[in-house]
Amino acid sequence: MRGASEDVRNPLTQPLPLAGEWGKIRLPYLEVRNLHKRFGDFTALGDISLDIGEGEFVCFLGPSGCGKTTLLRAIAGLDPQTSGTIRQKGRDVSALPPAQRDFGIVFQSYALFPNLSVADNVGYGLVSRRQKRAEIARRVGELLAMVGLPDAGPKYPAQLSGGQQQRVALARALATSPGLLLLDEPLSALDARVRLRLRHEIKALQRTLGVTTIMVTHDQEEALTMADRIVVMNQGAIEQVGGPQDVYRAPSTAFVADFVGAMNFLDGTFTAPDRVSVGAASFACLPQDGLATGSKVRLCIRPEDVRVRDLPAGIPNRLTVTVGELDFVGAFCRASLRAAEIALVADFSSNLMRDLGVARGKTLDVALPPDRLRVFTA
Amino acid sequence: MSLSTPLTRVRASRDDLLMRAGVALLAVVLLLMVGLPLWSLLVKGFQDRDGNFVGLANYVSYFSTPALFNSALNSLHVAAVCTLIVVPIAFLYAYALTRAVLPLRWLFQGVALIPIFAPSLLPGLALIYLFGTQGFFKSWLGGGQIYGFEGIVIAQVFYCLPHAMMILVTALATADARLYEAADVLGASKLRVFFTVTLPGAKYGVISAALVVFTLVITDFGVAKVIGGNFNVLATDVYKQVIGQQNFSMGAVVGMVLLAPAALAFAVDRFVQRKQVALLTARAVPLVPRRKAGRDIFYTLFCTLVAAGILAILGMAVWSSFIKYWPYNLSLTWANYKFEAFDANGWDSYTNSLVMAAGAAIVGTALTFTGAWLTEKTRGFHLVRDLVRLLAFLPMAVPGLVLGLGYIFFFNAPANPLNFLYATMAILVINTVAHFYTVGHLTATTALKQIDPEFEAVSASLKVPIWRTFARVTAPICLPSILDVAVYLFVNAMTTVSSVIFLYSPDTKLASVAAVNIEEAGTTAAATALCVVIVVTSAAVKALHLLADRFVLGHLQAWRRR
């Protein structure tokens with residue numbers, strides 16, 4: 001899954017071209033510039049700038065209250081920004097009411113009209129376009145087949161399951177062939193199992209239709225599996241924009257490192273361009289730019305990057321640790337490790353557990369590979 | 001940098017413009033219906049009979065005339081006593097309905113609601129037959145008489161009971177069974193459970209019920225008019241000043257004095273309600289009472305007693321309306337229902353009432369629902385929307401007599417271009433809609449808040465005009481609430497006396513007003529008969545509503561079924 005996104009050669013993740021080169025690449029489909037949103041003294045969005053390419057699937061990811069939904073609703077025109085501009089396909093839509101913008105939207109609550117049949121719900125936006133009845137019926141049938149509910153037309157929303165209702169909402173949003181699809185936490189109200197299935201279906205549908213899509217979510221796994229690019233947000237600002245691999249492998253801030261995936265944090269001091277001391281221990285890391293020696297830093301490593309097997313002699317960042325709690329999570333075990341004042345968690349596969357006989361209270365040698373260590377200012 | 005960027009001013013869509021125009025229009029309509037009449041009343045209190053400004057002279061003379069000032073004290077006294085009697089009875093009755101296992105529960109609930117369908121004159125008239133100078137049980141009073149304080153209290157208890165009971169049933173019905181299980185498991189005594197779980201849960205209901213009863217008694221005119229005798233209260237004083245002595249300025253002053261306690265009670269209620277948080281979360285387990293012989297027998301007896309009292313008063317009214325010549329000839333007759341013999345309008349006043357009630361129901365429902373929708377869904381335009389909200393809330397705090405008086409001053413002013421409305425059926429409809437506007441507005445707002453807030457966003461994204469979604473989705477979904485409002489307006493329009501008594505003309509006299517006039521002329525039997533006709537009509541409309549709710553709506557709203 002994650003490997004797929006490496007193939008996406010998105011010009012927008014590349015450095016901006018020089019002025020003369022503009023003609024050679026596609027213009028972004030959606031350009032957000034210096035967007036601010038204030039509620040009284042509270043800044044919900046502070047100076048957001050972002051480009052989204054045509055056909056891209058972008059996720060706004062962040063904890064609740066980070067401004068991701070506010071940004072989505074500003075793009076839709078539902079809750080307009082305080083200042084800043086939004087251009088869609090080159091057209092300035094900043095000051096347009098929602099009805100004059102081009103988007104389809106799906107909400108967490110589905111917002112299906114309960115008193116209209118599924119077919120009438122899906123055809124709701126087509127009827128007002130004065131299309132012929134037969135034409136509408138054909139299009140509705142096509143859309144329902146597309147979301148895998150070919151026979152649901154005559155039913156009422158209350159007779160469908162949550163997952164089915166969400167598909168109807170998706171069909172309704174796509175009925176008028178909008179250029180931009182906005183999904184506001186579309187899967188949050190569903191059961192875990194249904195959620196997994198719909199993830200794949202929505203992503204597949206989006207790829208087939210090629211519709212530019214923005215999805216708001218607080219679920220990092222959802223964002224990692226579905227998005228071409230993830231916009232990680234925190235406190236009304238963008239922390240990082242990048243492909244799922246970038247965000248996971250190379251988080252650009254401590255917040256992203258902590259929010260996306262599991263992460264160990266060790267508080268230390270930057271002692272040399274490629275060394276960090278944590279208590280009595282000293283760790284080698286990749287050379288860091290822009291950090292003054294002596295500054296307080298946080299050293300990060302993912303639990304699955306802690307190495308245990310086949311440690312060659314002289315491997316850097318070797319530690320002898322005592323095994324504490326072992327949390328069995330199914331495919332692997334999450335182990336709490338301790339060496340003097342350093343506390344870590346590491347993921348051990350079942351095989352490894354068996355082969356090395358890992359057990360509570362046992363001592364082990366582990367290594368923290370320097371290329372997997374990341375350093376952030378504290 | 002961010003400060004120098006221009007602020008985004010979103011262009012208004014056609015929907016926005018349409019809705020803002022609607023809200024503005026609504027604000028004007030409500031100003032004409034509620035705001036300006038009350039303003040006229042306020043102004044009138046500072047003028048002499050010829051319309052010259054006299055400052056506080058009227059108020060000074062009011063408070064220095066003991067006969068007038070005593071009425072205010074009387075009103076407060078009666079209201080306080082009634083509240084102290086009604087709230088405990090209503091609480092026990094509501095408790096029995098929600099927390100005990102009663103045989104024929106629906107019947108007990110139905111009987112307790114009957115007084116709502118009667119004009120407040122009815123209990124007064126029935127009491128005259130029971131305990132009046134020629135009453136059946138006069139001897140029970142042992143030389144005392146029913147006219148005055150005691151009579152008003154008994155009649156008000158009958159009249160106010162359903163209002164308090166409905167509030168308390170709602171308060172007691174929303175209980176979480178798990179709280180009681182937890183208290184049980186922790187070994188709390190019955191008494192302790194009552195004081196730590198039941199009462200706190202119903203606290204706001206009790207306060208609200210007390211304030212509603214207090215306001216109803218203070219502002220009611222019918223009961224005191226019929227059975228008050230020489231015991232003057234504020235409501236009868238307004239009537240006497242305006243109709244009897246044509247002293248409009250003093251009427252206005254008494255009206256303002258009447259407004260004070262009602263407005264205060266309303267303000268307290270709003271303040272208290274605001275503190276209330278939802279006690280019943282979505283995950284609460286509803287409490288279903290289990291059989292318990294001792295408790296159930298006690299409450300069945302209690303409810304039987306209360307229901308018997310209500311039925312006795314109602315039954316007495318019905319029976320006496322068929323009697324030839326009380327108390328000398330008790331044979332039955334239809335003569336009292338031949339209203340032509342007692343009032344120039346005859347049965348026309350009843351037809352007028354039906355027309356007025358239907359008009360108020362249709363106009364009022366359309367106005368309150370559309371108004372609530374506009375107020376809730378318009379984007380921006382906050383100042384005007386807040387003004388509309390204020391004007392929609394105001395009528396709740398204004399007694400009918402006060403509003404009616406305001407209508408005289410406002411619509412009868414020669415300079416008012418709306419003067420042509422005066423003494424027409426239209427002004428009765430407008431006044432009744434205004435009088436009962438708040439409940440309609442609140443019911444519609446509650447219904448609108450319960451539906452998904454994103455419907456408008458979805459229809460905007462699909463380029464569907466907002467009014468189309470209103471007609472095709474919002475209004476159909478809210479149909480049950482819309483019917484509730486319509487029936488509420490109809491029943492109240494049938495039974496109201498207070499506000500319209502200043503506004504009818506010979507051609508537009510209403511049944512409830514005719515009953516007051518007939519009673520005033522001394523023909524108690526015919527007045528009672530007219531009240532019985534009103535009770536039967538409004539109860540029948542309510543019954544039709546229940547049937548429609550059950551059968552027609554169920555059919556139309558197949559989409560609610562899973």
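**Hairpin and helix packing in a predicted model**

In chain A, Val278(A) stands opposite Ala281(A) of strand β13(A). The model is predicted: local features require pLDDT of at least 70 and side-chain atom pairs pLDDT 80 or more, while totals for chains, interfaces and linings use all residues. Residues are numbered from 1 along each chain as its sequence is written, and chains are lettered from A and ligands numbered from 1 in the order in which they are written.

Strands β12 (residues 275-278) and β13 (residues 281-284) of chain A run antiparallel and are joined by four bridges. Strands count as paired if DSSP finds at least two bridges between them. Two residues separate the strands of this hairpin, and Gly279(A) takes a positive phi near 60°.

Chain A has ten helices and 19 strands. These are DSSP runs, numbered from the N terminus (helices: H or I, at least four residues; strands: E, at least two). The C-alpha trace of chain A spans about 75 × 50 × 45 Å along its principal axes. Of the 378 residues in chain A, 41% are buried. A buried residue has 20 or more other C-beta atoms within 10 Å of its own, with C-beta atoms placed from the backbone.

In chain B, helix α19 (residues 466-477) has twelve residues. Its first and last C-alpha atoms lie 15 Å apart, close to the expected 16 Å (1.5 Å times one less than the number of residues). The buried residues of α19(B) are Ile466(B), Thr469(B), Phe470(B), Val473(B), Thr474(B) and Ile477(B). Seen down the axis of α19(B), they fall within an arc of 130°, so they line one face of the helix. The arc is that of the directions from the helix axis to the C-beta atoms.

How values were computed: A residue is buried if 20 or more other C-beta atoms lie within 10 Å of its own, exposed if 12 or fewer, and partly exposed in between; C-beta atoms are placed from the backbone.
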